Amino acid sequence: MNLDSGQLARHLERQLAPLYLVFGEETLLALEAADRIRSTARRQGFVEREVLIADQGFEWGRLRASGASLSLFASQRLLELRIAGAGPGVEGAEALTRYAADLPPDTVTLVMLGKLDGKARKSGWFTALEAVGTTVQAQRVPVERLPEWLAGRLGDQGHEADRETLEFIAARVEGNLMAAHQEVSKLALLFAPGRLDFEDVKNAVVDVARFEAFDLGPAILKGERAHVVRMLDGLQAEGAGPPLILWILAEEARAMLSIRAATGRGVPAQQALRDARVWGARQGLIQQAMRRLDTATLERALGHAARIDRIAKGVAPGAVWDELRSLGLALTGTKRAGATAEPR
């Protein structure tokens, strides 16, 4: 069974699986999922707990020995295995596959990992664990769903907030769910249950947002002018490399020009999107952006990108981050007054 972390609570109300594999990029949600599993196991009589930490140098024979050993103090126990890094390695993969083939009786096994790529999720050890247990993925909360997520967390502690207040908090904690949890908890300490006042929240919540460079693309395609500028400001403050940012911005322009050229030759739209390596939800976003941006604008954007590349390499004058902001705004379909948008 495969679950998102948000589905786990309802699952645990119905059953407790013999094995759980918790993984994903969102640390807060992974930790909360593990806590829910531990609490449910404890309530159902799995009172003994053994923890193995599979870091560098871990002897994987300990997993087999722990599985084979009898409980000293209770008839049921929780065996927890925390795997450091992105995977168990060759020896660990073999040990996990053997363990899945012969799960110990009267034991709930909790395996915890970090973020896993597609290759790891198709590996033999992962599919072996998946076949006998339940996987729980702690996925990142998209920025557009963050106000809803915050509303749920505030509601759990007896608070309500209007849309403006939720969006304000979301803007301050975007990309940093652990900090979002801390800010929500802080509001519980500062204010009595009930409806939160916007000014009170504004004065209480600090700006702890963190941004991922690859989130720039969707924001640009949606035409989110203010969000793009804020993301670029945040990435600059965090020390992101201009070449990566430039590649992301230029790639959106290249993809749109490629799709437009292909459809102009009579290629069906879906084929043109696939040929440009545009998949999933990004297809709708890029088509939306193409209705907003004409060919001349996209060609100017690529010319501007070439100039920014020369600035970044020190062979042309200019402030690279100012130019990146100008390019980002151009690709949202807007321009910042006074910005240099034309290549020289």
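Biologist: Why is Glu50 called partly exposed?

Modeller: Its relative accessible area is 26%. Buried means under 20%, and exposed means over 50%. The value of 26% lies in between, so Glu50 is partly exposed. Keep in mind that this is a predicted model.

Biologist: What makes Glu50 and Arg77 a salt bridge?

Modeller: The N to O distance between their side chains is 3.5 Å. The cut-off is a side-chain nitrogen of Lys or Arg within 4 Å of a carboxyl oxygen of Asp or Glu. The 3.5 Å distance meets that cut-off, so the pair counts as a salt bridge. In general, side chains of opposite charge can pair when their charged atoms come close.

Biologist: Which parts of the chain does the salt bridge of Glu50 and Arg77 link?

Modeller: Distant ones. Glu50 is in strand 3 (residues 48-54) and Arg77 is in strand 4 (residues 77-83). They are 27 residues apart.

Biologist: Is Arg77 buried or exposed?

Modeller: Arg77 has 4% relative accessibility. Buried means under 20%, so Arg77 counts as buried.

Biologist: What makes Glu183 and Lys186 a salt bridge?

Modeller: Their closest N and O atoms are 2.9 Å apart. The limit is 4 Å, so this pair qualifies. Both residues lie in helix 9 (residues 177-190). They are three residues apart, about one turn of the helix.

Biologist: How do you know whether Glu183 is buried or exposed?

Modeller: Glu183 has 8% relative accessibility. That is under 20%, so Glu183 counts as buried. Lys186 has a relative accessible area of 24%. Its value falls between 20% and 50%, so Lys186 is partly exposed.

Biologist: How do you know that Arg307 forms a salt bridge with Glu323?

Modeller: The closest N and O atoms are 3.3 Å apart. That is within 4 Å, so the pair counts. Arg307 sits in helix 16 (residues 295-312), and Glu323 sits in helix 17 (residues 320-331). The two are 16 residues apart. Both Arg307 and Glu323 are buried.

Biologist: How many salt bridges does a search of the whole structure find?

Modeller: The search finds 17. Some join into a network, which links Asp35, Arg38, Arg49, Glu80 and Arg82.

Biologist: What makes the surface patch of Phe214, Leu244 and Trp247 a nonpolar one?

Modeller: A nonpolar patch joins side chains such as Leu, Phe and Trp within 5 Å, each residue having over 30% relative accessible area. Leu244 has 37% relative accessibility, so Leu244 passes the 30% cut-off. The patch covers about 340 Å². Leu244 belongs to helix 13 (residues 242-264).

Biologist: Which residues lie nearest the centre of the largest pocket?

Modeller: Gln139, Arg140, Val141, Pro142 and Arg145. The lining has 39 residues, and the volume is about 1,000 Å³. Helix 7 gives the most to this lining, with five residues. By class, the lining has 15 nonpolar, nine polar and 15 charged residues.

Biologist: How many residues line the second largest pocket?

Modeller: The lining has 13. Val143, Glu167, Ala171, Glu174 and His227 lie nearest the centre. About 300 Å³ of space lies in this pocket. Helix 8 supplies the largest share of the lining, four residues. Seven charged, five nonpolar and one polar residue make up the lining.

Biologist: Why is Asp106 called partly exposed?

Modeller: Asp106 has 49% relative accessibility. Exposed means over 50%, and buried means under 20%, so Asp106 counts as partly exposed. Its phi is near 55°, a positive value in a residue other than glycine. Asp106 is in the loop between helix 4 (89-101) and strand 5 (107-112).

Biologist: Why is Arg277 called exposed?

Modeller: Arg277 has a relative accessible area of 62%. That is over 50%, so Arg277 is exposed. Arg277 also has a positive phi, near 60°. Its place is in the loop between helix 14 (269-275) and helix 15 (281-292).

Biologist: What does the secondary structure of the chain come to?

Modeller: There are 17 helices and eight strands. The chain has 344 residues, and 45% count as buried.

Definitions and conventions. Residues are numbered from 1 along each chain as its sequence is written. This is a predicted model: local features need pLDDT of at least 70, side-chain atom pairs count only at pLDDT 80 or more; totals for chains, interfaces and linings use all residues. Side-chain values use heavy atoms; hydrogens and water are left out. On a 1 Å grid over the protein atoms alone, a cavity is a set of points where a 1.4 Å probe fits but cannot get out, and a pocket is an open set with protein on both sides within 12 Å along at least five of seven lines; lining residues have an atom within 4 Å of a point. Grid points are joined across faces, edges and corners, and a volume is the space filled by probe spheres set on the points. Ala, Val, Leu, Ile, Met, Phe, Trp, Tyr, Cys and Pro count as nonpolar, Asp, Glu, Lys and Arg as charged, and the others, Gly among them, as polar. Patches are made of residues with over 30% relative accessible area and no salt bridge: like charges are joined within 9 Å, nonpolar side chains (Val, Leu, Ile, Met, Phe, Trp, Tyr) within 5 Å. Accessible areas come from the Shrake-Rupley method with a 1.4 Å probe; for residues, only the protein chains shown count as cover. Buried means under 20% relative accessible area, exposed over 50%, partly exposed in between (1.4 Å probe, protein chains only).
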